[in-house]
Amino acid sequence: MSQALYIIKIGGNVIDNPAACSRFLSDFAKLDGHKILVHGGGKIATQIAADLQIETQMVEGRRITDKPMLDVVTMVYGGLVNKNLVAQLQASNCNAIGLTGADGGIIRSVKRPVKNIDYGFVGDIEAVNNAQIDALLNSGLVPVIAPLTYSSEGLLLNTNADTMASATAVAMSADYNVNLVYCFEKKGVLSDPEDDDAVISTLNPESYANYKSAGVINKGMIPKLDNAFDALHHGVRNVIICHAHDVLASANGSAGTLITL
Ligand SMILES: Nc1ncnc2c1ncn2[C@@H]1O[C@H](COP(=O)(O)OP(=O)(O)O)[C@@H](O)[C@H]1O
Ligand SMILES: CC(=O)N[C@@H](CCC(=O)OP(=O)(O)O)C(=O)O
């Protein structure tokens with residue numbers, strides 16, 4: 001029986017809220033066993049880009065990333081956000097190591113080909129170096145992964161954090177029983193967007209399709225759920241979507257929305 005591994009993804013709305021973020025990090029630090037944190041930070045990147053008079057354009061949840069925006073996201077995700085998370089985890093006795101996908105060659109991607117839309121410096125993941133990540137885990141480190149990847153041409157590419165988490169979970173499933181947990185600012189996937197307590201306890205592809213066509217599940221939740229189902233189809237043991245405050249409860253299955261096939 002393989003060992004358990006928790007891959008937790010934390011979104012930009014939580015990172016942008018210092019109290020919520022520090023509560024999440026102290027809970028994450030308490031999670032037993034092997035674990036990886038994948039973080040976003042889209043909201044902070046948008047704010048800092050605006051401060052620099054750089055306009056943000058999103059298409060289907062993906063940021064159009066020209067060169068000035070690539071510089072912003074590199075500084076924000078790879079520097080500001082990643083290193084602050086690592087410092088706070090270290091203070092909670094969690095031996096975190098901050099990495100982009102380029103560090104240790106852990107996540108390689110290809111620059112998204114231009115079809116109808118030119119996304120610019122955005123990466124589609126090609127390979128996750130699970131042996132390298134495994135070596136980090138086995139040396140007692142907790143990888144904290146920023147949403148940037150590298151290409152074989154030496155480009156640094158902006159990459160959606162939900163997809164980074166799902167691709168990492170799939171690759172690590174070769175050696176571990178992987179639990180993938182998407183943490184955000186709501187208690188789970190909601191059946192009524194106006195009611196924060198209307199948490200759907202279990203979501204399968206059929207109920208997902210129904211909620212989506214009724215317009216109840218929309219915006220950023222669609223790519224998140226597509227990544228969640230993709231992970232389950234490729235060997236990930238468990239996928240949960242829950243509030244960042246419930247990360248410990250989600251580990252024993254008592255919070256959030258369980259995604260099933
Ligand atoms: N049915 C739903 N239940 C919960 N959230 C939903 C739902 N439909 C759409 N959303 C939206 O999806 C968002 C989460 O996606 P996203 O913004 O990409 O999160 P993150 O930044 O955490 O990755 C929520 O903030 C919410 O506005
Ligand atoms: C290509 C692309 O869209 N990358 C994302 C990476 C950050 C992210 O995913 O952040 P959240 O999890 O906070 O949304 C972006 O720049 O917004």
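Trainee: Which residues of H8 are buried?
Mentor: This is a predicted model. In H8, the buried residues are Met221, Pro223, Lys224, Leu225, Asn227, Ala228, Phe229, Ala231 and Leu232.

Trainee: How many residues does H8 have, and what does it span from first C-alpha to last?
Mentor: H8 has 13 residues and spans 18 Å between its first and last C-alpha, close to the 18 Å expected at 1.5 Å a residue.

Trainee: What follows H8?
Mentor: Gly235 does, with a positive phi near 100°.

Trainee: Now packing. At what angle do H7 and H8 cross?
Mentor: The axes of H7, residues 205–213, and H8, residues 221–233, cross at roughly 170° and come within 12 Å. The two helices are therefore roughly antiparallel.

Trainee: Which residues make that contact between H7 and H8?
Mentor: From H7, Pro205, Tyr208 and Lys212. From H8, Ile222, Leu225, Asp226 and Phe229. By class, the H7 contact with H8 has 5 nonpolar and 2 charged residues, and no polar ones.

Trainee: And H6 against H8, what angle there?
Mentor: About 5°, with the axes of H6 (residues 161–172) and H8 9 Å apart. That makes H6 roughly parallel to H8.

Trainee: Which residues meet in H6 and H8?
Mentor: Asp162, Thr163, Ser166 and Val170 of H6 meet Lys224, Asn227, Asp230 and Ala231 of H8. The residues of this H6 contact with H8 divide into 2 nonpolar, 3 polar and 3 charged.

Trainee: Is Lys9 buried or exposed, and why?
Mentor: Lys9 counts as buried because its relative accessibility is 7%, and the cut-off for buried is under 20%.

Trainee: What is Lys9 in contact with, leaving aside neighbours within four places in sequence?
Mentor: Val38, Gly40, Ala161, Asp162, Ala165, Val181, Tyr182, Cys183 and Lys224.

Trainee: What separates the C-alpha atoms of Lys9 and Asn204?
Mentor: They are separated by 20 Å, and the two residues are 195 apart along the chain.

Trainee: On to H3. Which of its residues are buried?
Mentor: In H3, residues 42–51, Ile44, Ala45 and Ala49 are buried. Seen down the axis of H3, the buried residues fall within an arc of 135°, so they line one face of the helix.

Trainee: What covers those buried residues of H3?
Mentor: The cover includes helix H1 (12–15), strand S4 (62–63) and helix H4 (67–91).

Trainee: And what comes after H3?
Mentor: Gln53 follows H3. Its phi is near 60°, which is positive, and Gln53 is not a glycine.

Trainee: Why bring that up?
Mentor: Because most residues other than glycine have a negative phi.

Trainee: Where does Gln53 lie, and is Gln53 buried or exposed?
Mentor: Gln53 lies in the loop between H3 and strand S3 (58–59). Gln53 is exposed, at a relative accessible area of 74%.

Trainee: What about phi of Glu60?
Mentor: Phi of Glu60 is near 50°, also a positive value in a residue other than glycine. Glu60 sits in the loop between S3 and S4, and Glu60 is exposed with a relative accessible area of 68%.

Definitions and conventions: Residues numbered from 1 in each chain as written. Chains lettered and ligands numbered in written order. Predicted model: local features only at pLDDT ≥ 70, side-chain atom pairs only at ≥ 80, totals over all residues. Heavy atoms only, no water. Axes fitted to C-alpha atoms, helices over the stretch in contact; angles between N-to-C directions. Helix = DSSP H or I, 4+ residues; strand = E, 2+ residues; numbered from the N terminus. Parallel < 35°, antiparallel > 145°, perpendicular 65-115°, else oblique. Contact = heavy atoms within 4.5 Å. Nonpolar A, V, L, I, M, F, W, Y, C, P; charged D, E, K, R; others polar. Buried < 20%, exposed > 50% of the residue type's maximum accessible area, 1.4 Å probe, protein only. Arc of directions from axis to C-beta. Expected span 1.5 Å × (residues − 1).
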